[in-house]
Amino acid sequence: RALQLSGAGGPPHVKLTVEWDVSTKERLFGNIQEEVVQDAESVRLQQQAHRQQHSCTLDECFQLYTKEEQLAPDDAWRCPHCKVPQQGTVKLSLWTLPDILIIHLKRFRQVAEHRHKLTTLVRFPLRGLDMAPHVAQRGQAGGQLLGRWAPWQPPPRPPPGRPP
């Protein structure tokens with residue numbers, strides 16, 4: 001059934017093994033000594049990929065999470081002043097950190113209607129995790145980073161007469 005659903009050529013990671021009881025095997029094939037069936041090249045490549053597990057650090061995960069991204073042209077926003085569509089950027093930031101930080105890592109990748117389990121090993125320190133590089137800066141350039149215990153504060157209001 002798996003081979004029929006996978007299309008032409010079948011999936012590269014399916015291996016079929018047939019186990020016979022001795023009497024049925026001898027009746028169908030005669031007295032054949034132990035034969036060795038070689039795995040296809042695709043099976044060997046798949047096994048090798050699982051042995052060479054990809055890894056990254058938790059710091060690299062946070063760098064990707066807080067990296068500025070250019071929005072697609074389809075996601076352009078209309079400038080309220082000039083009324084021209086603008087292709088913007090988006091950047092996620094961490095503003096404050098709790099005393100206890102719980103991190104939930106993505107385990108599956110959605111591709112169309114299929115989900116694929118991610119097998120990337122994430123290395124992380126048990127002590128001394130420095131989150132300062134990933135916390136948004138306060139105020140203007142050169143401002144201080146929000147401290148670990150800093151309470152949340154709303155952004156400063158613009159002076160009267162200036163647009164927000």
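Tutor: Let us begin with a definition: a residue is buried when its relative accessible area is under 20%, exposed when it is over 50%, and partly exposed in between, with a 1.4 Å probe and only the protein chains taken into account. The model is a predicted one, in which local features need pLDDT of at least 70 and side-chain atom pairs count only at pLDDT 80 or more, while totals for chains, interfaces and linings use all residues. Residues are numbered from 1 along each chain as its sequence is written, and side-chain values use heavy atoms, with hydrogens and water left out.

Student: Why is Thr 66 counted as buried?

Tutor: The relative accessibility of Thr 66 is 11%, which is under 20%, and therefore Thr 66 counts as buried. Thr 66 lies in the loop between α4 and β2 (69-70), where helices (H or I, at least four residues) and strands (E, at least two) are DSSP runs numbered from the N terminus.

Student: What does Thr 66 touch, not counting residues up to four places away in sequence?

Tutor: With contact meaning heavy atoms within 4.5 Å, Thr 66 touches Lys 91, Leu 92 and His 134 once those sequence neighbours are set aside.

Student: What makes the pair formed by the side chains of Thr 24 and Asp 21 a polar contact?

Tutor: A polar contact is a pair of N or O atoms within 3.5 Å, of which, within protein, one must be able to donate a hydrogen and the other to accept it, and residues adjacent in sequence count only if both atoms are side-chain atoms. The side chains of Thr 24 and Asp 21 come to 2.9 Å, so the pair meets the distance limit and is listed as a polar contact. Thr 24 itself is found in helix α2 (residues 22-29), and this residue is called buried because its relative accessible area is 19%.

Student: Why is Ala 132 called partly exposed, and why is Ala 112 called exposed?

Tutor: Ala 132, in the segment after β8 (121-123), has a relative accessible area of 31%, so it falls between the two limits and is partly exposed. Ala 112, in the loop between β6 (108-111) and β7, has a relative accessible area of 68%, which is over 50%, so Ala 112 is exposed.

Student: How many helices and strands does the protein have?

Tutor: The secondary structure comes to 4 helices and 8 strands, and along the sequence they follow the pattern α-α-α-β-α-β-β-β-β-β-β-β. Of the 164 residues in the protein, 10% are buried.

Student: How do the residues lining the largest pocket divide?

Tutor: They divide into 13 nonpolar, 6 polar and 5 charged, where Ala, Val, Leu, Ile, Met, Phe, Trp, Tyr, Cys and Pro count as nonpolar, Asp, Glu, Lys and Arg as charged, and the others, Gly among them, as polar.
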